[in-house]
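The structure is shown first, and the packing follows.

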Amino acid sequence: MTKALIEVKKLTKRYGNLKAVDDVSFKVYQNEIFGFLGPNGAGKTTTLEIIETLREKTSGEVRIGNYSVDKNPNDIRAIIGIQLQSSGFHPDLTLVEILRLFGSLYGVSVDPIRMLKMVDLVEKKKSKVKQLSGGQKQRFSVATTLVNEPEIIFLDEPSTGLDPQARRNLWKLIKQIRKKGTTIILTTHFMDEAEYLCDRVAIMDKGKILKIDSPQNLIDELVKGGFKKNEVVNKATLEDVFLALTGKALRD
């Protein structure tokens, strides 16, 4: 992680007197999994939507590679992939038809079966999104972010609502995508998800970034400061018990 692929400098977004994003600066490095953590209303989504060219900023600078969100928004859109929620897909099209539609929007040729194989959904190729389970919908939404072979993909709370098997399977998929050279930015409310997936995380609150570092470094810093848990830390979690008893296989 030596090359900064995304550079954000003194980014601010105002809504009247409210600063939704307040003088935020950070970098995301090539082939990194970077997480945004924070309570609801912290400014995470607004920050990412500005980077994605979906929302105008009030001030500051955002660059992706050699492109500026101000001067080159179309160039940026061509090299990023954004996860849609299932409600964003045409309800009457099959998975294959949706992938082909996405390809036509980007002006690229798509092999839908190859893409569905990546997310273990070939057997659902003739299904519509509304016929999929929660885990299948999330995996398909990730597949659509890859249609244009982007340098960066944005995932918004990708495992919300999934059972433990589907959640672990999605984590495996995200790591596989990173292995192919893709940079991944995600938001999540699950701290175990951030610990498992992210090389670094930014913790936001009230429009400001409070800390940026690897999950382990942030934990170590807290412990060195004298933090102690009241309860004894278990060697396993209830989720570990659940998976040990029911298995790790998907229940699609």
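Axes here are lines fitted to C-alpha atoms, for helices over the stretch in contact, with angles taken from 0 to 180 degrees between N-to-C directions. Helices (H or I, at least four residues) and strands (E, at least two) are DSSP runs numbered from the N terminus.

H5 contributes Gly-135, Gln-138, Arg-139 and Val-142 to the contact, and H6 contributes Ala-166, Asn-169, Leu-170, Leu-173 and Ile-177; contact means heavy atoms within 4.5 Å. By class, this contact of H5 with H6 has five nonpolar, three polar and one charged residues. Ala, Val, Leu, Ile, Met, Phe, Trp, Tyr, Cys and Pro count as nonpolar, Asp, Glu, Lys and Arg as charged, and the others, Gly among them, as polar.

## Basis of the model

The model is predicted: local features need pLDDT of at least 70, side-chain atom pairs count only at pLDDT 80 or more, and totals for chains, interfaces and linings use all residues. Residues are numbered from 1 along each chain as its sequence is written, and side-chain values use heavy atoms, with hydrogens and water left out.

## Other helix pairs

Helix H3 (residues 95-106) and helix H5 (residues 134-145) have axes that come within 10 Å and cross at roughly 25°. That makes H3 roughly parallel to H5. The crossing of H3 and H5 is right-handed; a crossing is right-handed if the near helix is turned clockwise from the far one by less than a right angle, and left-handed if anticlockwise. Leu-95, Ile-98, Leu-99 and Phe-102 of H3 meet Phe-140, Ala-143 and Thr-144 of H5. The contact of H3 with H5 divides into six nonpolar, one polar and no charged residues.

Helix H6 (residues 164-179) also packs with helix H9 (residues 238-246), at an angle of about 100° and with the axes 10 Å apart. H6 and H9 are therefore roughly perpendicular to each other. Pro-164, Gln-165, Arg-167 and Arg-168 of H6 touch Glu-239, Asp-240, Phe-242, Leu-243 and Thr-246 of H9. The classes in the contact of H6 with H9 are three nonpolar, two polar and four charged.

## The sheet

Six strands form an open sheet with mixed pairing, in the order S6-S7-S8-S3-S9-S10. Two strands pair if DSSP finds at least two bridges between them. Strand S6 (80-82) and strand S10 (208-213) are the edge strands, each pairing on one side only. On average, neighbouring strands of this sheet are turned by 15° against each other, direction ignored.

Strand S3 (residues 33-37) and strand S9 (residues 200-205) pair in the parallel sense over four bridges, with Arg-200 in S9 as the bridge partner of Phe-34. H6 packs on the sheet and touches S3, strand S7 (152-156) and strand S8 (183-187). The direction of H6 makes about 150° with that of S8. Helix H8 (residues 215-224) packs on the sheet as well, touching S9 and S10, and its direction makes about 100° with that of S10.

## The S9-S10 hairpin

S9 and S10 pair in the antiparallel sense over five bridges. Val-201 has Asp-213 in S10 as its bridge partner. The hairpin of S9 and S10 has two residues between the strands, and Lys-206 takes a positive phi near 55° in this hairpin.

Definitions and conventions: Angles under 35 degrees count as roughly parallel, over 145 as roughly antiparallel, 65 to 115 as roughly perpendicular and the rest as oblique.
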